[in-house]
Amino acid sequence: MSKKFFLQEKDIPTAWYNIIPSMPTKPRPLLNPATKKPLSAEDLYPLFSEEASRQEMNVTDSWIEIPEAVRDIYKIWRPTPLVRASGLEKALGTNCHIYFKNESVSPVGSHKLNSAIPQAYYCKQQGVTNITTETGAGQWGAALSLASRMFGIELAVYMVKVSYHQKPYRRSIMQTYGAEVVASPSMSTKAGRRIITEHPNHQGSLGTAISEAVELAMSTPNCKYALGSVLNHVALHQTVIGLEAEKQMEMAGEYPDVVIGCFGGGSNFSGIAFPFMRHNLAGDKNTLFIAAEPSSCPKLTRGVMQYDFGDEAGYTPLIPMLTLGHNFAPANIHAGGLRYHGAGSVVSQLKCDGLMDAVDIPQLESFEAATIFAKSEGIIPAPESAHAIAAAIRQARQADEEGRSKVILFNLSGHGLIDMTAYDRYFAGDLANYEVSDSEVAANTAGLEKLI
């Protein structure tokens with residue numbers, strides 16, 4: 001049996017960890033898309049809650065207090081268990097010790113609630129009555145739907161169209177919590193109408209859905225936009241994952257040689273990695289950090305470092321990041337939460353400075369890893385999380401070939417119990433791998449330098 005390591009309610013972190021003050025090279029600032037001048041927190045107030053805006057721009061405080069009201073709600077499912085994956089180790093025949101942080105035990109089945117709760121709380125404290133957002137696979141939309149309901153705020157979710165149809169039960173979850181869910185691109189916004197007019201069969205992307213959500217927020221009284229990944233304040237909230245995992249690895253009597261998270265915009269990777277990374281930055285440890293992204297959307301491994309928009313229509317601030325270009329339309333893989341064109345400023349800078357690594361995982365390899373994990377550990381992982389599992393298996397096999405034993409930690413960002421259509425297609429042999437050509441990347445990023 002795989003051994004679990006549990007903490008008590010009193011062990012839930014009292015502060016989130018902000019990695020920026022410890023970074024040797026600070027990320028370049030967000031820019032106003034009209035003036036090309038660096039943004040201040042106040043510049044973000046029209047879009048985000050004021051506290052989220054201040055957290056986004058905080059480059060001086062390493063620790064930011066978690067409100068007691070947020071910690072009280074965290075207690076519904078936190079602390080989450082750390083698990084020694086003995087079954088997976090046995091299935092692989094590896095000498096490595098593999099651990100995973102199980103974020104699938106939250107009420108919505110993923111890590112996304114860690115940021116949805118504080119973002120909804122800050123909006124409520126400010127008197128906001130409506131929130132808009134986007135969602136890829138539906139995990140973030142489900143999380144914010146529940147969080148908004150907890151604080152009595154109305155929510156509109158723009159769900160990437162291909163996921164809207166691929167994952168109908170995620171849509172049902174959001175609607176059960178009272179959210180309005182719209183397939184994106186839609187005819188309800190200028191951005192959506194333009195995209196549909198130019199590309200009538202457009203299946204959507206996170207960049208497109210963000211454009212629609214931002215447009216609605218900016219045109220609706222007493223409404224704010226909330227984001228589930230990419231930006232610094234979202235990564236900040238997710239560090240409860242790694243801070244708990246630190247204590248649990250100590251209980252296990254080990255320290256990770258490798259820390260892995262799947263990667264779309266960076267929320268769960270940042271959450272598991274940043275607390276451990278601070279020890280590398282202090283010179284105390286030498287852990288390897290790996291972000292596992294899909295081969296069909298390889299911004300960390302093949303993107304360019306440029307200022308780019310976070311959305312397709314160009315409504316958002318310009319973000320300095322590794323990107324495939326804001327017009328990039330990724331293949332319709334089932335890991336919908338990883339289909340985002342950019343990596344965010346903090347992770348991009350860490351990657352450029354060589355402080356972390358990234359691998360791209362083909363779709364079929366991710367599902368193979370998912371089925372191995374399900375059979376050995378009893379948990380069916382979300383297609384997104386399967387990328388982290390695949391990267392962990394790669395690391396274990398490489399270590400065995402080299403005659404070494406590693407301690408490997410990965411984040412199980414969510415379960416896949418509402419993703420069984422994807423598994424059905426995998427077992428039927430209907431899924432395929434998707435690769436992005438160098439010419440596609442070059443063509444899609446060619447004009448980015450002109451943005452500034």
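Modeller: A residue is called buried when its relative accessible area is under 20%, exposed when it is over 50%, and partly exposed in between, with a 1.4 Å probe and protein chains only. The model is predicted, so local features need pLDDT of at least 70 and side-chain atom pairs count only at pLDDT 80 or more, while totals for chains, interfaces and linings use all residues. Residues are numbered from 1 along each chain as its sequence is written, and side-chain values use heavy atoms, with hydrogens and water left out.

Colleague: What makes Leu 231 count as buried?

Modeller: Its relative accessibility is 10%, which is set against the limit of under 20%, so Leu 231 counts as buried. Leu 231 is placed in the loop between strand E9 (223-225) and helix H11 (232-238), where helices (H or I, at least four residues) and strands (E, at least two) are DSSP runs numbered from the N terminus. Leaving aside neighbours within four places in sequence, Leu 231 is in contact (heavy atoms within 4.5 Å) with Phe 48, Glu 56 and Ile 319.

Colleague: Why is H6 called roughly parallel to H8?

Modeller: The axes of helix H6 (residues 139-150) and helix H8 (residues 168-176) come within 8 Å and cross at roughly 10°. Axes are lines fitted to C-alpha atoms, for helices over the stretch in contact, and angles run from 0 to 180 degrees between N-to-C directions. Angles under 35 degrees count as roughly parallel, over 145 as roughly antiparallel, 65 to 115 as roughly perpendicular and the rest as oblique, and therefore H6 is roughly parallel to H8. The contact is made by Gln 139, Gly 141, Ala 142 and Ser 145 of H6 and by Arg 170, Ile 173 and Met 174 of H8.

Colleague: How do you know that Ser 145 is buried or exposed?

Modeller: Ser 145, which lies in helix H6, has a relative accessible area of 2%, and on that value Ser 145 is buried. Apart from neighbours within four places in sequence, Ser 145 is in contact with Leu 155, Val 157, Met 174, Tyr 177 and Ala 179.

Colleague: Why is H16 called roughly perpendicular to H17?

Modeller: Helix H16 (residues 363-377) and H17 pack at an angle of about 85°, with their axes 8 Å apart, and because that angle falls in the range for roughly perpendicular, H16 is given that description relative to H17.

Colleague: What makes H17 largely enclosed by the rest of the structure?

Modeller: In H17, 14 of the 19 residues are buried, so the helix is largely enclosed. Just after H17, Gly 403 takes a positive phi of about 75°.
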